[in-house]
Amino acid sequence: MTPGLMSLILALRAGGSVKWDGARPRLLAPRSQHQALLEAGDEIRMILDRARVFRRQFAEWTATDRTSIPLLVLTEAPEPRAGFCVSCGGPSSGWRCAICLTAVLITLGCDLVQLGQRLPLGPSD
Ligand SMILES: [Zn+2]
């Protein structure tokens, strides 16, 4: 798990939440988590920015009466290939990197606290 993702999940576990302010996701966190979130600021911003992009793509997709879920890919991402994130093109051992996966989960309104409780909070991923 990346340091930013760990900080995000810890902030959510401490009572924080991700709220949508129009098209922008906003992270609301208890003051006790602010320093850790500031230290992970770049990664937190990347997660929230990607969530914003993916939410727009999801809204455009559902507005056309299509079924299922769109792939959710950054516009600058290269064509999908093994060993790289399908959403951003960065190195990944899975389908998506941790930053994009978290952004997708925020986009879809998943409970990150519940999901995070199943994830080890160590620096392994
Ligand atoms: Zn990615």
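Modeller: Start at Trp20, which stands opposite Pro25 in β2. Helices (H or I, at least four residues) and strands (E, at least two) are DSSP runs, numbered from the N terminus. This is a predicted model, so local features need pLDDT of at least 70, side-chain atom pairs count only at pLDDT 80 or more, and totals for chains, interfaces and linings use all residues. Residues are numbered from 1 along each chain as its sequence is written.

Biologist: How many bridges join β1 to β2?

Modeller: Five, between β1 (residues 17-21) and β2 (residues 24-28), and the strands run antiparallel. Two strands pair if DSSP finds at least two bridges between them.

Biologist: What do β1 and β2 form?

Modeller: A hairpin, with two residues between the strands. Gly22 in the turn has a positive phi of about 70°.

Biologist: Where is Gln33 found?

Modeller: In the loop between β2 and α2 (34-39).

Biologist: Why does Gln33 count as partly exposed?

Modeller: Because Gln33 has 19 C-beta neighbours inside 10 Å. A residue is buried if 20 or more other C-beta atoms lie within 10 Å of its own, exposed if 12 or fewer, and partly exposed in between, with C-beta atoms placed from the backbone.

Biologist: Which residues is Gln33 in contact with, leaving aside neighbours within four places in sequence?

Modeller: Leu10, Ala11, Ala14 and Gly16. Contact means that the C-beta atoms, placed from the backbone, lie within 7 Å. Gln33 and Gly16 are 17 residues apart in sequence, and their C-alpha atoms are 8.8 Å apart.

Biologist: New topic. Is α1 enclosed or open?

Modeller: Helix α1 (residues 3-13) is largely enclosed by the rest of the structure, because eight of its eleven residues are buried. Among them are Leu5, Leu8 and Ala11. Just after α1, Gly15 takes a positive phi of about 115°.

Biologist: Which residues touch the most other members of the largest nonpolar core?

Modeller: Leu8, Ile9, Ile47, Cys97, Ile99, Cys100 and Ala103, out of 25 residues. Two or more core residues come from each of α1, α3 (41-62) and α4 (98-107). A nonpolar core is a set of buried Ala, Val, Leu, Ile, Met, Phe, Trp, Tyr and Cys residues joined through C-beta atoms within 7 Å.

Biologist: What does Ala103 touch, not counting residues up to four places away in sequence?

Modeller: Ile47, Arg50, Ala51 and Phe54.

Biologist: And what covers the buried residues of α4?

Modeller: The cover includes α1, β1, β2 and α3. Eight of the ten residues of α4 are buried, so α4 is largely enclosed by the rest of the structure.

Definitions and conventions
Two residues are in contact if their C-beta atoms, placed from the backbone, lie within 7 Å.
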